[in-house]
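Work through these exercises with the structure open. Each task is followed by a worked solution.

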Amino acid sequence: MTTLHPVRSTPPPGTDLPPGGDASPAPAGPPPGAELLAALLSGTPEEERPVTHVHEVPVRERSTTPWPEWVSTPLRERLEERGVVAPYGHQVEAAQLARDGRHVVVATGTASGKSLAYQLPALTRLAEDPRACVLYLAPTKALARDQLASVAALADPSVRPAAYDGDTAGEERDWVRRHSRWIVTNPDMLHRGILPAHQRWSSTLRRVAYVVIDECHAYRGVFGSHVGHVLRRLRRICRRYGADPVFVLASATVADPAGAATRLVGEPVAAVTEDGSPRPGATFALWEPPLTEHTGEHGAPLRRSAAADAAGLLADLVERGARTLAFVRSRRSAESVAEQARRLLHDRGRSDLVRRVDSYRGGYLPEERRELERALSAGDLLGVATTNALELGIDIAGLDAVVLAGYPGTLASLWQQAGRAGRAQRESLVVFVARDDPLDHYLAHHPAAVFGRPIEATVTDPTNPYVLGPQLCCAAAELPLRPDDLADFGGPAAEVAIEQLVTDGQLRRRPTGWYWAGRGRPDVDIRGSGDEPVAIIEAGTGRLLGTVDGGAAHSTVHEGALYVHRGDTFVVDEFDVDDACAVVHAESPEWTTVARDVTDLSIVSVEQTRALGAVTAHTGVVDVTNQVVAYQRRRLGTGEVLAEFPLDLPPRQLRTRAVWLTLSDRAVERAELDDTEVPGSLHAAEHAGIGILPLLATCDRWDLGGLSTALHPDTGTAAIFVYDGHPGGAGFAERGYAVLREWLQATRATVASCECESGCPSCVQSPKCGNGNDPLDKAGAVRVLDVVLDELAAAEGPGTTG
């Protein structure tokens with residue numbers, strides 16, 4: 001029987017649901033969160049209820065402080081006209097640090113008013129110095145446009161805030177460069193459009209007083225490492241023109257925000273984390289869809305999909321007048337959930353509400369995107385299914401509920417998404433709907449992992465040679481690199497990379513420094529793997545639909561793959577590896593596709609080792625050979641496997657970083673495994689470990705790969721490997737090594753607590769297993785993990801973790 005467990009609880013330290021704005025009474029509307037949840041569950045027998053846990057997040061009162069003396073009267077009056085009567089303490093603390101010339105990151109909760117922390121010092125400086133300007137970087141266009149409107153309402157007319165991004169028309173770009181003093185852009189445009197053309201931007205770059213980096217926790221992994229180097233290049237060029245801007249960063253609550261911001265910017269950054277904003281209460285429910293009669297591979301039971309339950313919740317909440325966002329994982333899911341919710345409302349005779357449900361995702365035309373934002377803010381829309389495009393910062397007020405269809409990848413994102421609700425003085429409802437996935441299953445049954453632990457650290461690795469080398473080429477193409485520049489780009493690691501680039505003929509050494517030796521500009525994709533992008537061509541018309549990252553092409557646009565472009569679905573007719581293009585035709589089948597691959601792995605070097613009795617843990621560099629060998633068609637909605645087709649694609653090579661465990665014969669004996677049980681037990685433990693690591697490192701399971709074997713030739717023992725799926729590594733494997741005990745404890749709990757008999761997608765089956773999830777031994781995996789955890793406890797003592 002599933003029972004509800006209401007608990008008065010606070011979120012993880014430093015996290016937030018949103019503040020409530022002014023202190024006026026809540027307007028009439030739907031009932032508060034607890035009553036909404038009760039209404040959703042009414043009529044469902046208690047033993048059939050999918051809610052596994054309920055937390056009540058308490059109210060937090062506001063903490064304000066007087067305006068700093070240096071804030072001008074006109075600016076203060078404009079803020080007061082907009083309802084900001086007195087600033088919160090964290091806003092003033094961060095603003096004062098920036099005013100004093102110190103780099104600062106303000107890491108407080110959703111809707112805590114972080115924008116004011118940079119608007120106060122930046123707008124004040126622009127008023128004092130008519131030549132000064134501000135560069136503002138945002139990770140999404142929706143956030144950038146929202147902040148542009150906010151600044152325009154506060155700034156003096158001479159500031160002329162303007163956007164410089166992919167939506168900016170060509171004729172407007174020159175105007176922005178010459179006249180705007182608050183330029184809203186993104187890391188991609190900075191990397192490709194501004195820094196390589198710094199001579200044309202020199203009059204702007206010599207006047208930059210502040211650089212604002214909004215939602216900086218979004219910059220993680222390989223992308224975050226690239227962005228860190230882009231910011232170092234920006235600082236270097238600003239110095240060339242005599243500027244020394246102050247960096248002000250805004251972040252969700254993350255572990256060690258000062259350290260993460262310092263790694264990103266490349267200079268010391270102070271952190272402000274004490275949140276003075278008010279927060280209304282919230283009811284936060286964990287919800288796991290039940291197992292169904294449908295089966296997947298090897299007869300494993302499948303759960304009702306998170307998307308189906310999210311659509312039902314969205315329709316129920318809209319019917320009760322609750323303004324709701326449903327967060328989903330993909331563009332296609334956003335449109336599917338919205339369509340399912342509309343169909344449910346129509347079938348219930350509520351056609352009047354059908355037009356008030358829509359979807360929101362990246363990829364819309366700018367005018368379509370802005371109209372949806374306006375309709376949601378104005379209340380014309382009641383329910384919106386969205387990707388994470390609405391997660392970051394955009395100011396949508398007065399939402400009553402948020403539904404999360406699956407774990408969004410990090411706790412920081414989970415709390416950001418949850419924080420979209422409750423922006424009025426009314427208790428809101430948040431429902432986390434678990435997908436059929438090990439991590440989601442773990443969270444649904446371990447509330448302390450959501451409510452009782454700190455947010456993950458943001459993982460980046462600026463010394464990754466596959467990031468560092470290309471970025472040094474970009475820097476040298478902008479300005480010759482000098483020896484004293486290298487400390488900023490990684491010191492010894494940069495020196496090694498420079499020598500290799502000279503040997504490869506990409507840089508040329510001269511007495512005055514290192515010069516770019518290539519033709520044109522370096523072509524570096526800061527969001528990709530470094531492989532050549534694959535063009536997606538529509539058959540018949542020859543129209544270029546888009547591109548996919550070369551590193552992902554074999555698994556996403558192979559022959560027969562289902563490809564989604566702006567909500568439209570296409571099936572791949574032909575994938576030409578040599579010409580880097582895939583030819584597709586439009587089709588809307590009732591299935592999706594999942595690629596299968598096989599992997600071989602060899603150890604290049606061992607960097608760290610921990611002897612744990614009969615088990616040893618390692619990190620180091622590995623060479624991975626991967627080949628996509630087949631793909632499956634799976635029924636939409638249920639995940640049921642319909643068919644499998646072989647593929648003939650060449651193998652791919654990857655040098656990356658891994659964490660691995662070696663188990664001696666004694667460890668295998670202690671796990672009570674015979675020779676036939678070892679492969680399946682290790683394989684199941686590997687799958688579950690990959691599924692759970694994103695709980696502790698800011699990554700997705702698709703960022704990781706793995707291999708397990710009863711006898712690895714490089715170790716001479718049984719071994720389990722988990723590796724970063726990016727060239728050179730992304731820091732995720734090292735994070736797993738650092739928190740090994742906590743990681744494996746959560747992995748063991750996930751497998752042991754799953755109610756299936758012999759393994760399912762919620763515990764040990766993987767959606768991308770090249771071996772067709774065979775063999776898998778769920779019970780043996782628990783025994784293997786028990787042995788490893790016993791050895792860890794003996795080596796570290798009972799009071800320590802990972």
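**Exercise 1.** Sort the residues that line the largest cavity by class.

*Solution.* Start with the classes. The lining of the largest cavity has 12 nonpolar residues, one polar and one charged. Ala, Val, Leu, Ile, Met, Phe, Trp, Tyr, Cys and Pro count as nonpolar, Asp, Glu, Lys and Arg as charged, and the others, Gly among them, as polar.

Next, the source. This is a predicted model, where local features need pLDDT of at least 70, side-chain atom pairs count only at pLDDT 80 or more, and totals for chains, interfaces and linings use all residues. Residues are numbered from 1 along each chain as its sequence is written, and side-chain values use heavy atoms, with hydrogens and water left out.

**Exercise 2.** Find the volume of the second largest cavity and the residues closest to its centre.

*Solution.* First, the term: on a 1 Å grid over the protein atoms alone, a cavity is a set of points where a 1.4 Å probe fits but cannot get out, and lining residues have an atom within 4 Å of a point. A volume is the space filled by probe spheres set on the points, which are joined across faces, edges and corners. The second largest cavity has about 100 Å³. Of its 13 lining residues, Cys-216, His-217, Ala-260, Ala-261 and Thr-458 are the closest to the centre. Helix α10 (residues 257–265) gives the largest share, five residues. Helices (H or I, at least four residues) and strands (E, at least two) are DSSP runs, numbered from the N terminus.

**Exercise 3.** Which strands pair with β3?

*Solution.* Pairing needs at least two DSSP bridges. β3 (residues 104–107) runs parallel to β8, with four bridges. β3 also pairs with β9 in the parallel sense, over three bridges.

Notes: 1 Å grid on protein atoms, 1.4 Å probe; cavity = no way out; pocket = protein on both sides within 12 Å on 5 of 7 lines; lining within 4 Å. Buried < 20%, exposed > 50% of the residue type's maximum accessible area, 1.4 Å probe, protein only.
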